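This report is meant for a reader who meets the structure for the first time. Please keep the sequence and the model in view while reading the sections below.

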Amino acid sequence: MQNSCDVLVTNAQAVVPKAGVVETNILIEDGRIKALQKSAENVQASRKIDAAGKYVLPGAIDPHVHYGVYTPIEEAARTESRSAAVGGVTTMVRMLRLYDDSYRAIEKQLQASKGSHYIDYAIHASILKKEQVKDIPYLKSIGVNSLKIYMNLGADLNHIYMDLDPGEHRVKDGEVNMDDSLLSSIVEQGARAHSTVLVHAEDPAVCAEHIRRGRETKMSGLKAWSDCRPPSSEAASVAKISEIGRKFGASLYFVHIGSNAAIDAILNERQKGKANYYIETCPQYLTHTFDFDSLKGKVVPPIRSKSDVQSVWSALRNGVIDTIGTDHVANRLDMKMGDGDLWSALAGFPGIATMIPVLLHHGVNQDRIGIERVAELTSYNSARILGMYPKKGAIQPGSDADLVIVDMDLEQKVTPELLQSYSDYTIYDGQKMKGWPVLTMVRGKVVMEDGKVAGDALGHGQFVKRPA
């Protein structure tokens, strides 16, 4: 019956990607959008939600999340998907790093993930050794349709923390040497499988030499960290991987791009064609410079100059940047800070809950971008690039009822308690931001309302196989 549904969202200013802001009522049934109707008269619904005066966005997709590294996945999924729900994220994509020779070990991770998420989730498989390349067709067969390459691992910078096995409580590192042969084989097999190849573009030899000198001269502060991992090393790696990508007609997705040099390098490669090029940036490259006076802001690639921040905003506004991912890392402050110096502090920090608030406060409310661009950057583009559209990333009949209602006038002070992550700090601590999610819905179920995450939503999150 057209005039009945499970949930009815009334008076919605729905931000429909590629269509604009549409005044409508959203009928939801069996976890999917049933219809968009001008009138809600005579519609029978088990629950009605009045969205008057607020925008309704397609649920955000965070395509770049690290969790399961400092706590095992069955614990990390609970805390980080809860934090995601607070921030209006309805699908999170885990950047999985397994050190096993075979990626069939992923089955343990998938099993432990069941029943542990408040929101939906997908996986990128980091290919870290030549033995794992043969598993790319298998990964696609189970719905893992994207691969991660760490070009930054090699030379003297070849150690990286791995994801823990379920039930494991320790820090587990491994050695990765991303040589040219391994690079080429991942891109070739990824292209054959029509999988998206995610690229961390930095030259480890260049960075290693700069870091060696920096340690010798006892450099400190985030400006020094930026100097030790220069944007030129990103640009050189972009050119290198692009040459391989063109050879095989690959889809290359450059993660966490925050420098003008890296953006220009990718644009230069895009003009040559023969491969697909996508650019992701992160909120920290929109809000912070290396003048930030805290090691909390140590991240790889580093936060850059004021000029770089302006370049990223410009690229965001002009459609050059495709997506926003947070590079969220669920660690704690005592781990993060190490011995209190630049070299022992860990890289990475939490950010999944502040992605949308950053874009609403610094973007929409400060007239840098429009609300339609927020929907594209946080949902529509990620869904299309990563094979989830139109199941995700859309507000249209048949799509999953993943919605986030945002109040552009709500002002809140950012605190770790507000964000509800395992992490007990944030680089936005104490800042006031205006524009927040007030309701998060995943497949028709309200998982967060007015900052409170529904206890009965634990386990509602499902694994999203891609292509969906």
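## Terms and basis

A residue is called buried when its relative accessible area is under 20%, exposed when that area is over 50%, and partly exposed in between, with a 1.4 Å probe and protein chains only. The model is a predicted one, in which local features need pLDDT of at least 70 and side-chain atom pairs count only at pLDDT 80 or more, while totals for chains, interfaces and linings use all residues. Residues are numbered from 1 along each chain as its sequence is written, and side-chain values use heavy atoms, with hydrogens and water left out.

Helices (H or I, at least four residues) and strands (E, at least two) are DSSP runs numbered from the N terminus.

Leaving aside residues up to four places away in sequence, Cys207 touches Leu157, Glu202, Cys228, Arg229 and Ser233, where contact means heavy atoms within 4.5 Å. Between Cys207 and Arg78, which are 129 residues apart in sequence, the C-alpha to C-alpha distance is 35 Å.

Helix H6 (residues 204-216) packs with helix H7 (residues 221-228) at an angle of about 140°, and their axes are 8 Å apart. Such axes are lines fitted to C-alpha atoms, for helices over the stretch in contact, and the angles run from 0 to 180 degrees between N-to-C directions. On the H6 side the contact involves Cys207, His210, Ile211 and Gly214, which meet Trp225, Asp227 and Cys228 in H7. These contact residues divide into four nonpolar, two polar and one charged, if Ala, Val, Leu, Ile, Met, Phe, Trp, Tyr, Cys and Pro count as nonpolar, Asp, Glu, Lys and Arg as charged, and the others, Gly among them, as polar.

## The buried side of H9

Which residues of helix H9 are buried? In this helix (residues 260-270) they are Ala262, Ile263, Ala265, Ile266 and Glu269. They lie on the same side of H9 because they cover an arc of only 160° around the axis, the arc being that of the directions from the helix axis to the C-beta atoms. The partners against which the buried residues of H9 pack are helix H8 (231-248), strand S13 (251-254), strand S14 (276-281) and helix H11 (306-317).

## Pocket and cavities

On a 1 Å grid over the protein atoms alone, a cavity is a set of points where a 1.4 Å probe fits but cannot get out, whereas a pocket is an open set with protein on both sides within 12 Å along at least five of seven lines; lining residues have an atom within 4 Å of a point. Grid points are joined across faces, edges and corners, and a volume is the space filled by probe spheres set on the points. The largest pocket holds about 970 Å³ of space, and of the 37 residues that line this pocket, the closest to its centre are His159, Ile160, Arg229, Val300 and Ala347. H6 gives the most to this lining, with five residues, and the lining of the largest pocket divides into 18 nonpolar, nine polar and 10 charged residues.

There are two cavities of 30 Å³ or more. The largest cavity has a volume of about 80 Å³, and of the 13 residues that line the largest cavity, Ser83, Pro350, Gly351, Leu419 and Ser421 are the closest to its centre. The second largest cavity, with a volume of about 40 Å³, is lined by residues including Pro283, Gln284, Phe349 and Tyr428; its lining divides into four nonpolar, four polar and no charged residues.

## Ile395 in its loop

Ile395 has its place in the loop between helix H14 (371-385) and strand S17 (403-413), and Ile395 is buried, with a relative accessible area of 2%.

## Backbone details

Most residues other than glycine have a negative phi, and most peptide bonds are trans. A cis peptide bond joins Val300 and Pro301, with omega about -10°, and Asp30, although not a glycine, has a positive phi of about 50°. Asp30 is exposed, with a relative accessible area of 67%.
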